[in-house]
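Let's take a walk through this fold together, one piece at a time. Keep the model open as you read.

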Amino acid sequence: MSVANVVVHRDADVLAKAVAARIITRLVDVQSAKGSASIVLTGGTVGTATLAAIAATPARDAVDWRRLDIWWGDERFLPEGDEERNETGARRALLDRVDVDPDRVHVMRGPDSGMTAEESADSYAAELRRAARPEDHGPVPSFDVMLLGMGPDSHVASLFPGMPALYDTRSVVAVHGAPKPPPTRISLTLPAIQASREVWVVAAGDEKSGAVRLALSDSGHVQVPASGARGRARTLFLLDRAAAGKIPPELGRISSP
C-alpha cells in the first residue's frame, strides 16, 4: 500500500473545485494511456459538490464519458430515486449532464429491485468480478480513482468503527445497524478499496480534524477505518484547512495551494 500524502486547500469550496480539476486531469491521462478509465464515487456534501464542480467547468469535455466506468463505494439501501441515495445526488450533480454510457454506470440496487441487502451486495460483488481483468489479480477491478468521504468518526464508505464489515474479506457487504441513518447500507470493504490504484480521501470541516489526524497515524483500521483507506500506487488526503487543523508536520507532506 502507498503512503498517504496530504494536500490542503483554503476552504470547502476551493477544495471541491480543486478535486474536480484533479479528477478531470487523472481521467484524461488514463484514457489517453489505455483507452478507458474507472472511477468510484462517494456521496456527502463535498463529494457531491465536487461532481457539481466537474459539471460546471468546460474542461469536463476533455473526458470521454462514454469510455468511463462509474462505480460507488457505498450506497444507502433505499429505493431508486430516493433523495438520500448517493446515486441520486451523483446523477443530479453530474451524470445527467454528461454523455455517460448507461451500461457503464454500476449502481448498487435498493429494496425496489426485489433484493435483500445481502442479495444486493452479492450482486454488486458479482458485477465487480465480471469487470476484473487478469492483470487485476483479484475479484475487483484496479480502479483508477476511488473517491472517499470521511466522517468525524473516521468512517469511510459505510465502514463504521468497530463494526463487523471491517473484518470482512469479501469485496462488498451489507451493513446493518449503521450508527447514522439509514441503518441499512451496501458498502465496499477495505480489501476492495485497497485494490484501487489511487485512493483519494476528501474531507472538509474542523469536525473532521481529529479523525484526519488518526487516519494519518498508525491507528488500527477497526477503530479508525480511514486508516485502511490506501491505494496501491497513490493515496491522497485532500482537505480544507479546517480538516487539516490537527495534523502534526510529521504525519504527512502538506502542500497548501
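H1 passes H2 in a right-handed crossing, meaning that the near helix is turned clockwise from the far one by less than a right angle. Helices here are DSSP runs of H or I with at least four residues, strands are runs of E with at least two, and both are numbered from the N terminus. The axes of H1 (residues 12-34) and H2 come within 8 Å and cross at roughly 60°; axes are lines fitted to C-alpha atoms, for helices over the stretch in contact, with angles from 0 to 180 degrees between N-to-C directions. Where do they touch? On the H1 side, the contact (heavy atoms within 4.5 Å) includes Leu-15, Val-19 and Ile-23, and on the H2 side Val-46 and Ala-49 are among the residues taking part.

By the way, this is a predicted model: local features need pLDDT of at least 70, side-chain atom pairs count only at pLDDT 80 or more, and totals for chains, interfaces and linings use all residues. Residues are numbered from 1 along each chain as its sequence is written, and side-chain values use heavy atoms, leaving out hydrogens and water.

Asn-86 and Ala-93 are among the buried ones. They pack against strand E2 (37-41), helix H2 (44-56), strand E3 (68-72) and E4.

E4 leads us to an open, antiparallel sheet of three strands, ordered E4-E7-E6, where pairing takes at least two DSSP bridges between strands. E4 (74-76) and E6 (172-175) are its edge strands, each pairing on one side only.

Notes: Buried means under 20% relative accessible area, exposed over 50%, partly exposed in between (1.4 Å probe, protein chains only).
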